[in-house]
Amino acid sequence: MADQTTHGVGGLTFDARKRAWPNEMNVFIALIVIILIFEALGAMMMGQSFLFDSNDRFGTIFNEARLKIIILQVAIIGIIAIGSTQVIISGGIDLSPGSIVGLTAMVAMSFAQTALVNGNPNPKAIFSETWMDLPVIIPILVALIIGMLAGMTNGLLIAYTRIPPFIATLGMMVAARGAAKWWSKGNPISFPTDQFASIGNGMNGWAPVLIFVGLAVLFHLILKHTVYGKHTYAIGSNEDAARMSGIKVARHKVLVYTIAGMLAGLSAIVLASKNLTAQAGMGVMYELDAIAMTVIGGISLAGGRGSLIGTVLGALIFGVIISGFTFLRLDAYYQEMVKGFIIVAAVVLDQWRQRRAITR
Amino acid sequence: MSDIILETRDLTKHYGGVHALQGANFILRKGEHVAIMGDNGAGKSTFVRQITGVEQRTRGEVIFDGKPVHFESPMDAREAGIETVFQTLALADELDVPDNLFLGRELVRFNLGPFSILDYKAMRERTMQALEKTGVKIPNIRNTIRNMSGGQRQCVAIARTATFHSKLTIMDEPTAALGVQETAQVENIVRTLKAAGEPLILISHNMRQVFDLVDRVVVFRRGRICANLDIKNQEFSGEDVVAYITGAKTQPEYEDAA
């Protein structure tokens with residue numbers, strides 16, 4: 001009752017709890033439509049179902065193997081996309097997480113190596129034996145700290161030199177990739193401890209998904225229910241208004257980019273652990289895939305609009321498309337072409353929606 | 001003495017060589033509604049910016065509520081009890097009404113630094129109270145500002161003042177971009193503030209509005225105050241005010257300024 005108001009012109013009554021049709025519903029419908037398209041194509045071209053267990057291979061309703069692949073292949077980039085989501089909502093853009101993944105994977109893996117491989121000394125050893133077989137918390141902390149430092153550098157550059165986020169993070173993208181190659185002179189770093197390997201491979205391979213989902217839920221709550229989240233939306237929506245309302249905009253931006261860097265570091269741990277190796281080329285183009293996930297999920301590049309639910313749905317659309325093309329045994333070339341088309345289509349749709357909202 | 005809420009003495013602002021505001025002596029009493037008029041570039045907005053901490057003054061004193069003050073930012077002024085409705089509305093388009101009312105001073109359930117948990121329910125309830133108090137009509141407070149008319153936006157900006165029991169409200173051309181009906185709604189809110197005894201500084205170009213709403217008119221010309229007209233108790237016409245604005249007339253006590 002307290003939410004009811006009769007403040008309408010002409011005494012109209014509105015229910016304050018009634019919300020407009022959420023944008024996330026559109027993304028969800030798009031996901032269903034894309035799945036149905038693959039189901040139809042699968043029936044026509046392959047004679048089998050895309051997501052359902054048509055040949056009774058698993059004795060379940062769904063084709064669990066494919067569901068797992070879909071979710072697994074977006075989980076690691078999805079962790080980055082969580083960071084990109086809050087950066088884009090704040091009105092910025094981050095091109096550096098892919099390279100931060102490369103750098104943090106290299107450094108963290110150096111602290112995660114095991115001394116003996118099948119009874120022989122580790123052939124890829126970076127440090128001396130005193131720095132091997134460390135507790136798993138050490139490489140995790142190292143990765144988080146490096147990710148945060150790289151992100152904080154982005155944030156400080158953007159907030160205090162006022163250069164555009166595109167330029168600041170482009171610089172970090174190039175520099176961090178260089179640092180990743182310099183770290184071991186281009187050599188891969190391998191043979192982690194069992195503990196470290198379990199991060200990306202544990203729980204029957206589901207661990208990365210659990211980490212992604214846990215982080216998505218956590219950051220959804222942070223964005224929707226904390227002062228941090230509210231200020232992130234406010235800055236992306238109207239930076240001057242945020243400043244005039246007493247929000248410390250510069251400090252907040254540093255925090256936003258620092259968190260994005262930290263998430264890139266987390267993603268690097270999962271990736272390096274899952275692959276049991278770190279290479280300087282890891283994470284190339286991840287930032288663009290992450291941005292694509294957010295854009296497909298309805299996060300406006302203009303800032304201020306969108307939610308993590310959208311990003312998670314965008315990530316699923318992404319995964320469905322990749323798996324769908326593999327399922328149809330189509331070349332990866334088509335996959336990338338269609339991916340590009342969908343990214344552009346998502347932004348065009350968003351702008352169309354925006355214009356309609358203004359002229360209404 | 002104690003009935004003066006705001007006083008400025010010799011308030012001056014130079015932008016490099018431009019003397020935007022020169023020696024402004026101004027007094028506002030409790031419960032009084034004063035209009036500031038003047039041509040574009042006469043120093044009205046500059047005057048407001050010095051009081052509200054948006055800019056730092058070159059010289060002079062501001063005494064608010066009996067104490068000399070020196071606000072570093074609009075937030076300082078707001079915390080002291082000066083609530084300003086700026087020309088550019090300072091609203092976040094993608095947020096709803098309670099979010100905007102409490103922007104930068106959110107009510108929280110648990111204090112966890114920047115990650116404090118928001119108390120949406122309390123903010124909604126206090127928003128409703130503020131809307132009741134000012135008579136602002138908003139169909140749905142959960143609607144985002146983006147989906148609102150210019151008048152509704154203005155009303156939200158004004159309703160902020162009522163939310164925080166401010167001691168002084170300043171409005172910078174609140175109806176400049178509004179239609180007839182919306183203007184009337186904003187003017188009603190101003191009357192509500194008057195009835196509640198809350199002092200107001202209104203910057204306006206609208207002569208009819210000024211004569212309808214305020215007790216006193218202060219005219220700025222070329223960075224100086226050139227007239228102080230008690231329109232409530234003395235006979236002044238719109239032409240008189242125009243004469244002061246354009247420079248055809250200057251009040252004797254401000255002669256040296258012109």
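This briefing covers the cores, a pocket, a cavity, the overall build of chain B and some local backbone features.

The structure is a predicted model: local features need pLDDT of at least 70, side-chain atom pairs count only at pLDDT 80 or more, and totals for chains, interfaces and linings use all residues. Residues are numbered from 1 along each chain as its sequence is written, chains are lettered from A and ligands numbered from 1 in the order in which they are written, and side-chain values use heavy atoms, with hydrogens and water left out.

**Nonpolar cores**

- A nonpolar core is a set of buried Ala, Val, Leu, Ile, Met, Phe, Trp, Tyr and Cys residues joined through side-chain atoms within 4.5 Å.
- Buried means under 20% relative accessible area, exposed over 50%, and partly exposed in between (1.4 Å probe, protein chains only).
- The largest nonpolar core has 100 residues, and the members that touch the most others are A:Phe50, A:Ile82, A:Phe196, A:Phe219, A:Leu263 and A:Val320.
- Another core, of 43 residues, lies apart from it and includes B:Ala157, B:Ile158, B:Val190 and B:Val217.
- Contact means heavy atoms within 4.5 Å.
- Beyond its neighbours within four places in sequence, A:Val320 is in contact with A:Leu31, A:Ile34, A:Ile35, A:Phe38, A:Phe50 and A:Ile70.

**Second largest pocket**

- On a 1 Å grid over the protein atoms alone, a pocket is an open set of points with protein on both sides within 12 Å along at least five of seven lines, while a cavity is a set where a 1.4 Å probe fits but cannot get out; lining residues have an atom within 4 Å of a point.
- Grid points are joined across faces, edges and corners, and a volume is the space filled by probe spheres set on the points.
- The second largest pocket has a volume of about 610 Å³.
- It is lined by 27 residues, and the closest to its centre are A:Ala30, A:Ile34, A:Ile317, A:Ile342 and A:Leu349.
- Helices (H or I, at least four residues) and strands (E, at least two) are DSSP runs, numbered from the N terminus.
- H13(A) gives the largest share of this pocket's lining, 10 residues.
- The lining divides into 21 nonpolar, 3 polar and 3 charged residues.
- Ala, Val, Leu, Ile, Met, Phe, Trp, Tyr, Cys and Pro count as nonpolar, Asp, Glu, Lys and Arg as charged, and the others, Gly among them, as polar.

**Largest cavity**

- There are 2 cavities of 30 Å³ or more in the structure.
- The largest cavity has a volume of about 40 Å³.
- Its lining is B:Thr52, B:Pro74, B:Arg78, B:Ile82, B:Glu83, B:Thr84 and B:Phe86.
- E6(B) supplies the largest share, 3 residues.

**Chain B**

- Chain B has 8 helices and 12 strands.
- Its C-alpha atoms fill a box of roughly 60 × 40 × 35 Å, taken along the principal axes.
- Of its 258 residues, 57% count as buried.
- Helix H1 (residues 44-51) of chain B has 6 of its 8 residues buried, so it is largely enclosed by the rest of the structure.
- Those buried residues are B:Lys44, B:Thr46, B:Phe47, B:Val48, B:Gln50 and B:Ile51.
- B:Gly53 follows H1(B) and has a positive phi, near 80°.

**Positive phi in chain A**

- Most residues other than glycine have a negative phi.
- A:Arg162 has a positive phi near 60°, and it lies in the loop between helix H4 (137-160) and helix H5 (165-183) of chain A.
- A:Arg162 is exposed, at 66% relative accessibility.
- A:Lys185 has a positive phi of about 55°, and it is exposed, with a relative accessible area of 63%.
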